[in-house]
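Reader: I am new to this structure and would like to learn how to read it. Could you walk me through a few features, one at a time?

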Amino acid sequence: MDLRQIVAALRHCGRLQASKHGKSFHSHLIKTGFSRDIFVANNLIYMYVDLVLFSDAQQLFDEMPERNTVTWTTMVSAYVNNGRAYEALRLYGQMLASESHVPNGFLYSTVLKACAFLGDLELGRLIHEIIFRDRLDHDVVLMNALLDMYVKCGSLSAAKRVFNEIPSPNSTSWNTIISGYCKAGLMDEALNLFHQMPEKNAVSWNSIIAGFVDNGSLSAFEFLSMMHRVGLKLDVFTLPCVLKSCSCLGSLTMGEQIHCYALKSGLESSCFTVSALMDMYSNFNVLNEARNLFNQYTRHGASICNSLALWNSMLSGYVVNKDNIAAIHMLSEIYFSGTCFDCCTFSNAVKLCINVLNFRLGCQVHGLIVTYGYGLDMIVGSILIDLYAKLGSIRDALRIFHRLPAKDIIAWSGLIGKCAKVGFYSLGFVLFRDMVNLGLQVDQFVISSILKICSSLASLGSGKQVHAFCVKSGYESEEFTVTSLIDMYSKCGDIDPALVLFYFTPKRDIVSWTGMIVGCGQNGRAELAVEFFHEMKRTGLKPNEVTLLSVLSACRHTGLVEQAWIIFKSMKPEHGIDPLMEHYHCMVDILGQAGRFQEAEELIAEMPFEPNKTIWGPMLVACGIHKNTKLVPVIAKRLIATSPLDPSLYVMLANVYATLGMWDSLDEVRRAAKELDSKEIGMSWIET
């Protein structure tokens, strides 16, 4: 038996996933002494890698008395190709520390791939320097790996320099740089390179189409038609891209037409195409169609392991449409089949936990993630952070956040957003400052969360700094950001900058109008709030429940009774909106503060709801203001009937009795209050 036969047998075991035969053959090679040959040992490692038996491969590697560059490269490449980039870089570091072998171009390519996966730009730059120092820049494959690393690390300027330094860029070089610009949303630069490309292929067209899809542009369909006209067939990469565009642009009809094309061209037999079709139908809430496609494909007995992408799509459909029971059943079926979960499976599993907000299930899924080696995966880690944040466990979310070697915008924005929601304001500011200092792209959702923190703290100084950042970043004209800025200035008591922003906003939606009405009401500009309300109606926008409540609240702040009455009475006949409890509460309070008790009582009697504390409370306070001792006992009786165990109610009654000099009633209510828990001391603050 010569070495070529041994290598052929090992490769055969790897290709056929024959782990038992492979291990038996390994035992035979140990007995015959062939395993000591470095060439055979390297191929044994390669076989174990093919069999996805990394512990066996690593053990063999550790026991080898002699290694060469191929040995190191095989192991590093194995870890990278299986998504274990962190371990790959650790192994590369061990090789350098041993000083026994010099890395070659292929190893550098593999390490650059790991850098791209982890976003390790610093190490990537060091390897770039080594490539030019050792004059390896003539290797197009290596230069393409370097180009891809810069693109995936978001350093397009460095990527463009590398591209320009490649003497004869091949189609991979062109497609990599074009794809980089497309993914960054720089479609003009991408199109410029696309038109310069000597020979465009399907990958080039797919990159451009994918770029337009990601940017939500209808040009995706235009370039799809152009690709078809130049004679290139739409492939299993083109169709999923365009189907995603159908989902983003809300065009189910176009999606159905592409489904017909897939049937006619025979592409429906492709797992990728079926998966994309299922995603498209799921996004349009047409789960029956998605389920039919899934059943058609899995009917032929394909194993879950070989069609995991399809199972992931169906699982995603259930999760997106919040069919949580079906999702749990499908997840269990995948697990008990013995199939190894991938990044997509775990992402859907964590999203399912977010849907049901079940801490125990979340911990179980997290345990599986760690067991399968996805604990440091950027995508899975980001969704885990979101899960723990939504479960209220900020400490766990922060722990995962700090462990992730690379963090995407979802991880940052999810954690900052939750800090804003649950009151971890200082932590939110620290994270935002870290983002800015690291030069990371801050999106509108992060800006909105930080402005919410400023509003909650009434921190005008910090709010102005964030506003300046918005101007520098070009977000000041975005509707979403402008609305958040208006809200921040209004809640910080500085209404004039909010008015300036509002007046210079070219497109005003119902949210921005409502925000301005709320701001004017909170800052003593009730007349202006009412004026904005009527101006909004003149523009053709219909007010919603929140807008109407906002303008009524503004009237309440300054006692605009008649204007409030007109608006309240117009809710149903003019706007088709039935007043909610909040609207009645506001109107009752307005009438009570004006001393118009008879009208307030009549309104309460007309309510379609049973009046509760929120209705009777303002009436009681109004009685205290207007010295209405006759009505107080009636309201007190009704209040106690609705909330007999509420300590704050007795405090409110005691205050009113004391104001009106009703001392006997005051003694009675104080005795009743002592039988309940005492009131907690309140706290408040404002920035000085």
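Reader: Which helix gives the most to the lining of the second largest pocket?

Author: Helix H6 does, with three residues. This is a predicted model, where local features need pLDDT of at least 70, side-chain atom pairs count only at pLDDT 80 or more, and totals for chains, interfaces and linings use all residues. Residues are numbered from 1 along each chain as its sequence is written, and side-chain values use heavy atoms, leaving out hydrogens and water. Helices are DSSP runs (H or I, at least four residues), numbered from the N terminus.

Reader: How is such empty space found?

Author: Rolling a probe the size of a water molecule over the atoms shows where empty space is left. On a 1 Å grid over the protein atoms alone, a pocket is an open set of points with protein on both sides within 12 Å along at least five of seven lines, a cavity is a set where a 1.4 Å probe fits but cannot get out, and lining residues have an atom within 4 Å of a point. The second largest pocket has a volume of about 780 Å³, the space filled by probe spheres set on grid points joined across faces, edges and corners. Of its 26 lining residues, Asn 82, Arg 84, Tyr 372, Gly 373 and Tyr 374 are the closest to the centre. H4 (54–63), H6 (85–98) and H7 (105–118) each supply at least two residues of this lining.

Reader: Now to helix packing. How do I describe a pair?

Author: Two packed helices are described by the angle between their axes and the distance between the axes. Here H9 (residues 140–152) and H11 (residues 171–183) pack at about 5 degrees, with axes 10 Å apart. Axes are lines fitted to C-alpha atoms over the stretch in contact, with angles from 0 to 180 degrees between N-to-C directions. So H9 is roughly parallel to H11 (under 35 degrees; over 145 is roughly antiparallel, 65 to 115 roughly perpendicular, the rest oblique). The contact (heavy atoms within 4.5 Å) includes Leu 147 of H9 and Ile 177 of H11.

Reader: Is Lys 264 buried or exposed?

Author: Lys 264 counts as exposed because its relative accessibility is 78% (exposed is over 50%, buried under 20%, partly exposed in between, with a 1.4 Å probe and protein chains only). Lys 264 lies in H16 (residues 252–265).
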